[in-house]
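The following note sets out several points on the model shown below.

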Amino acid sequence: MNLAPEALIYELSSPGRQGAALPVCDVPATPVPAGLARIELGLPEVDELSVVRHFTRLSQKNYSIDTHFYPLGSCTMKYNPKVNEVAAGLHGWRDTHPLVGEDFSQGAIELIWKLQEALREIGGFKAVSLQPAAGAHGELAGVFMIRAWHLSRGDSGRTKILIPDSAHGTNPASCTMAGLTALTIPSDAEGGVDMAALKAALDKSVAGIMITNPNTLGLFDRNIEEIARLVHEAGGLVYGDGANMNALTGIFKPGEAGIDVMHFNLHKTFSTPHGGGGPGAGMVGCSAELADFLPGPVAVMRGSKYGLATPAKTIGRMKSFYGNFGVLVRAYTYVRMLGASGMRRLAENAVLNANYLKVLVEKAYKVKYPRRCMHEFVAMGDIAEGVHTLDVAKRLIDYGFHPPTIYFPLIVPEALMIEPTETEDKDTLDGFAEVLLKIAEEARTNAQLLHDAPTTTPVGRLDEVGAARNPVLCYRG
Amino acid sequence: MNIDKNARYRTSHEYARKEGAEVVAGISDHAQDSLGDIVFVELPELGKSFKQGEAFGVVESVKAASDLYMPMSGKITAVNGDLQGDPSLVNKDCYGKGWMIRFSPTNAGEWDGLMDAAAYEKEAGKE
């Protein structure tokens, strides 16, 4: 990695330098009215070569799945095969204007339809919409659908959504944004939903439950069918958060276990890029009963042709046009490259890798719920007096690893949430475990190494508290 | 772990302490320690009423944002405005200068359902 600190582009500015030569104006010039013209814009004045070097140097400081192991729990930072990019770059996909009529975009609509069908099969759903552009966007669509379904039956009294305390923070946020109230359900000693608390919370005010399975502890909730039965009996619906679907593909179909509506993160399980904040895709799948409420448009077959249609009682659009189409091309490519047997192997490897790594890490770190995990597990980083998870995470950077997710889920103190993903080999897992054990040893013998970390990066330990309490959001104040 | 012997507690780590006819509430020392450096506290409007267990505000640290739950039902009579400028008061002195809300309870009987200091110490020790 290029370790020299990089100046801001503004600091590289020198008066009069420029990287572009504008053509001579060939129309009559219209002056900006007096008083509206500004001379001092404060924009950087930099030549082309300096700009290229600046951004190339920045890119060399980048940490990515293409360069390093990235065990960021819950995020599924797995390898994104390059063939996905080849497919997405094909002229016919890349350059089709979204307003071209159906007759001239049959191939694009066919791809949307075939991806809908593949995801329907994988999830055990009756219908699918590819509109939502992110996981939380899919959650919001799902909660809107649940609310719309109750209202369509004349039941306006259902205002609460039950959410286990191990849930992603986006669940209560989606529910609040949809105008409903989140009610927290505690976990039991096994890390699953506390069934007694669930039963006590179920009444006529409950619109449904949002459940993540496997949950954020990396544990499969064996009561899933019973949970669904109880919620249905009380008149509610079951939402499935599919963030952890890479533990289940080809093995378990949520739609057949009583989940009424669910999102998948195509940018996690289906290997489309998301390290840089997207763009993502959070498709929603649902039961026959909810199909009419899906966001539209969705792709349909009309005779031998493909077309776009809006479901009869749709909650509306979640996104302009047809979702993030380029991402859908990548996900479809991935599904077709793996095929049905590959989908199953994907989940098997995700679970195998996590359990292998867990056994190695457990030699020095506590795992709060030690039973067999699914695709990830949650260890605890308080390995010596005065040493916290944050210190372990920062020290990992010195050894060239991206730290795992820390301090989440909230129900595990000093959480260190590790997801190796299905695409890593044994050597990488061994190497990572070896470093974690070495750090545990350092914590006992020379904890200062951890407190000072990272020391091998362009900037060292940042003042996170200062940044949160007194944020400076503008360059030059 | 520092525990205010005169206060009572919820399992979600809020404390309640009687002061005259009113009750002062905040989060326990155990809670502030687990959260780490607190960077923001959101408190309710004066005069607002909450039921026991309802969220009255939010506390945010560099690690997490957590809802704050009413230890008892009541009507808010004062909030600690100093926390706006200096949320670290919760870390430094959670039972004193880091108090969060003052309310007049609407169901005095709920006091008896809260954990006393000894019971809370045992409960928090389990984590």
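1. A residue is termed buried if 20 or more other C-beta atoms lie within 10 Å of its own, exposed if 12 or fewer, and partly exposed in between, with C-beta atoms placed from the backbone. Strands (E, at least two residues) and helices (H or I, at least four residues) are DSSP runs numbered from the N terminus. This is a predicted model, in which local features need pLDDT of at least 70 and side-chain atom pairs count only at pLDDT 80 or more, while totals for chains, interfaces and linings use all residues. Residues are numbered from 1 along each chain as its sequence is written, and chains are lettered from A and ligands numbered from 1 in the order in which they are written.

2. Six of the six residues of β5(A) are buried, so the strand is largely enclosed by the rest of the structure. Leu237(A), Tyr239(A) and Asp241(A) point one way from β5(A), and Val238(A), Gly240(A) and Gly242(A) point the other way. In a regular strand, side chains alternate between the two faces of the sheet.

3. β4(A) and β5(A) run parallel and are joined by five bridges (strands pair if DSSP finds at least two bridges between them). Tyr239(A) is the bridge partner of Met210(A).

4. The buried residues of helix α6 (residues 170-177) of chain A are Asn171(A), Ser174(A) and Cys175(A). They cover an arc of only 95 degrees around the axis, which puts them on the same side of α6(A); the arc is that of the directions from the helix axis to the C-beta atoms. These buried residues pack against α5, β2, β3, β4 and β5 of chain A (contact: C-beta atoms, placed from the backbone, within 7 Å). Gly179(A), which follows α6(A), has a positive phi, near 85 degrees.

5. The contact takes eight residues from chain B and seven residues from chain A.

Note on methods:
Two residues are in contact if their C-beta atoms, placed from the backbone, lie within 7 Å.
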